[in-house]
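Good morning, colleagues. Please bring up the sequence and the structure on your screens, and I shall then take you through one part of the fold.

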Amino acid sequence: MGTERDDKRRYRAVFLSDTHLGTKSAQAAALLDFLRETEADTWYLVGDIVDFWKVRRGPHWPQTHNDVLQKLLRKARKGARVVYIPGNHDEGLRDFCGHTFGAIEILRDTIHERRDGRRYVVMHGDEFDVIVRYARWLAFLGDRSYEMALWSNGPLNWLRRHLGLGYWSLSGYLKNRVKQAVNFIGEFETALADVAKRADAYGIICGHIHHAADRMIGDVHYMNCGDWVESCTSIVETLEGEMQVLRWPFARPASEQTANTQAALPVAA
């Protein structure tokens, strides 16, 4: 039996969202490496961990997807607190909010308290997406279109490499153009900041829009986990109590990435 490594990255808390296990676009191998290299007192799974929308249509479920779930279960068994907050792609689990399965707590939302006592609302955030809430058929249509755009990234970038060009994400480009046109991201972030204000919290941590963020909106600290489909980002609280957005595999604050690094592994827009 192997011994526990003492060189892992250790945090007070780690926040992951939008891993979309069960889809071909899930970066499960990268996520598994991150889980192997990282330890935390508390793990927050902030929605869309398993993509049941895709699973119902026919899942893509290689061994790495099993390994990710097994690794999370093992962390819970070894004493870490693991909290699962379902999103819209795994909304069926919301029927079990308030229950614990295999030492994993399922909650609709929760409060995370930083080392210095400042409080953060933790929720997926789809409740504040008008398309998901009021036009479900359009959300499913958009999901299929986004999936096709993600698939196209592979052959498109194979061609670009052979032409001596760098990585470029069609899905990220299209998503950024559409959401800029309707000011979706700004409205979403403002709505989530209002949730924190109403809860008398210092900040909010969410997912859903695949857009990693760490910024102040007025006097509210807004943070978004990003995703493990394109950007491979997470939020962490360090042992010293600092909140950061990390990009894997570099495991450095996203704000410290160089222009070349960002071009190699972009955060989804």
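In which sense, parallel or antiparallel, do strand 8 and strand 10 pair? Strand 8 (residues 203-206) runs parallel to strand 10, with four bridges between them. Strands here are DSSP runs of E with at least two residues, helices are runs of H or I with at least four, and both are numbered from the N terminus. Two strands count as paired if DSSP finds at least two bridges between them.

Before I continue, a word on the source. This is a predicted model, in which local features need pLDDT of at least 70 and side-chain atom pairs count only at pLDDT 80 or more, while totals for chains, interfaces and linings use all residues. Residues are numbered from 1 along each chain as its sequence is written, and side-chain values use heavy atoms, with hydrogens and water left out.

Returning to strand 10, Met223 stands opposite Ile205 and is also the bridge partner of Asp214. Strand 9 (residues 213-217) pairs with strand 10 in the antiparallel sense, over five bridges, one of which joins Ile217 to Val220. Two residues lie between these strands in their hairpin, where Gly218 adopts a positive phi near 65°.

Finally, why is strand 10 described as largely enclosed by the rest of the structure? Five of its five residues, 220-224, are buried, that is, under 20% relative accessible area with a 1.4 Å probe, protein chains only. Val220, Tyr222 and Asn224 cover one side, and His221 and Met223 the other.

Notes: Buried means under 20% relative accessible area, exposed over 50%, partly exposed in between (1.4 Å probe, protein chains only).
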